Amino acid sequence: MAIGSGLGAQVGIAAEASYGTFLAPTKFIEFTKESLQLKKTTAQSAGIAAGRLVPLSSRRVVTQRQASGSLEMEVTTKAMGVLLQTLMGTSVTPVQQVATAAYLQTHILADTAGKSLVIQKGVPLTTGTVTDKTFLGCKVISAEFSCEVGGMLVATFEIDSKDCDETQTLAVATYPAMSPFHFGQMSVKTGAYGTETALDGIRKVTLKIERGMAVERFYAGQSGLKKEPISNDQVKITGSLEGDYVSTVLDDLHTSDAATSFVWDFTGSLIEGVHNERITFKVPAIRLDDAPPTVEGFDVIKPTYNFTGLYDGTNPTAIEYMSTDITL
């Protein structure tokens, strides 16, 4: 029996072969918080019958079903590939680095058609019995990554789901040995694409990728369930850089509204050869939107620069992930 609290909970995922079709989870996520829930739309018959004062229970129907919520977690050195692929859209095969145990995943921003997940969560009763809630047709509609002084690299994935199935068998959770990426491994670079240089004084970074999708594709003949959401807006990339006012590099970029390439990197332990565990976010062009430095007292000046990520016409937005994962 499991522990009868959140300590006994689990989340497993698998990439779907087709939207909304169950596959047993093959990866298990060490999450910190989740909010996935079934959402049903009901209708109550309002027919008038002589003397009836209360609507009939038997005349209430469920007209639509869907689900949504979020997964919050620390970004780790293994098992992140499936989530990154579902966010970014490119079909990725890890590439072995020479003859080492290091495998590089390059997730390039693309349309997410055909990229969906099964997310199965186990929710413990106080008795220790773990109930199954399997969410089918899960699309990642946004993800936000952040890291600050003394903290872990954390991520929040917002999920849209076709349905929740409670008839599946809960998979047995297994977890590989892995570590979280953290502030001590973080670097931030800006400059011309491919020749970026390190920024000094950065204390916190956030990066958010939002996928505009038509998530209300409910049609006749679908038993009240939706069809796969499709892209209906351009991808929005935003973020922020917080730090001490140690130079005018960002200040000058804000004033001129010039574009700069942005590279946010976490380099972990050595895998083999010259290859370390690593996750790197690359945005080919960002422009700073607001918040030049202001003096608010005796302390060190600490500006926050909000930015918008854009396309430079040549180079794609990408997430690189180096790990020992041979497959996603």
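Residues are numbered from 1 along each chain as its sequence is written, and side-chain values use heavy atoms, without hydrogens and water. Because the model is predicted, local features need pLDDT of at least 70 and side-chain atom pairs count only at pLDDT 80 or more, while totals for chains, interfaces and linings use all residues.

The chain holds two helices and 21 strands. Helices (H or I, at least four residues) and strands (E, at least two) are DSSP runs, numbered from the N terminus. Along the principal axes, the C-alpha atoms fill a box of roughly 80 × 50 × 40 Å. The chain has 328 residues, and 45% of them count as buried. Buried means under 20% relative accessible area, exposed means over 50%, and partly exposed lies in between (1.4 Å probe, protein chains only). A contact means heavy atoms within 4.5 Å. Among contacts with a separation of 6 or more, 71% join residues 24 or more positions apart.

Charged side chains number 27 positive and 35 negative, and the centres of the two sets lie 11 Å apart. Lys and Arg count as positive and Asp and Glu as negative; His and the chain ends are not counted. The place of a charge is NZ of Lys, CZ of Arg, CG of Asp or CD of Glu.

In soluble globular proteins, nonpolar side chains tend to be buried together. Here the largest nonpolar core has 53 residues. Such a core is a set of buried Ala, Val, Leu, Ile, Met, Phe, Trp, Tyr and Cys residues joined through side-chain atoms within 4.5 Å. Phe145, Leu153, Phe157, Trp264 and Ile279 touch the most other members. Strand β9 (residues 130–148) gives the largest share of this core, six residues. Beyond its neighbours within four places in sequence, Phe145 contacts residues including Val75, Leu153, Phe157, Val205, Trp264 and Phe281.

Lys121 sits in strand β8 (residues 117–124). Lys121 is buried, at 8% relative accessible area. Its side chain makes a polar contact of 3.0 Å with the side chain of Glu34. A polar contact is a pair of N or O atoms within 3.5 Å; within protein, one must be able to donate a hydrogen and the other to accept it, and residues adjacent in sequence count only if both atoms are side-chain atoms. The Lys121 side chain also reaches the backbone oxygen of Leu36 at 2.7 Å. Other residues touched by Lys121 include Gln10, Asp132, Phe135 and Leu170.

Several loop residues were also examined. Phe183 lies between β11 (163–165) and β12 (186–191). It is partly exposed, at 25% relative accessibility. Phe183 and Glu148 are 35 residues apart along the chain, yet their C-alpha atoms are separated by 6.3 Å. Ala24 lies in the loop between β1 (10–15) and β2 (27–28). Ala24 is 147 residues from Ala171 in sequence, with 6.9 Å between their C-alpha atoms.

Most residues other than glycine have a negative phi. Val98 has a positive phi, near 55°, and is exposed, with a relative accessible area of 74%. Ser223 has a positive phi near 60° and is exposed at 72%.
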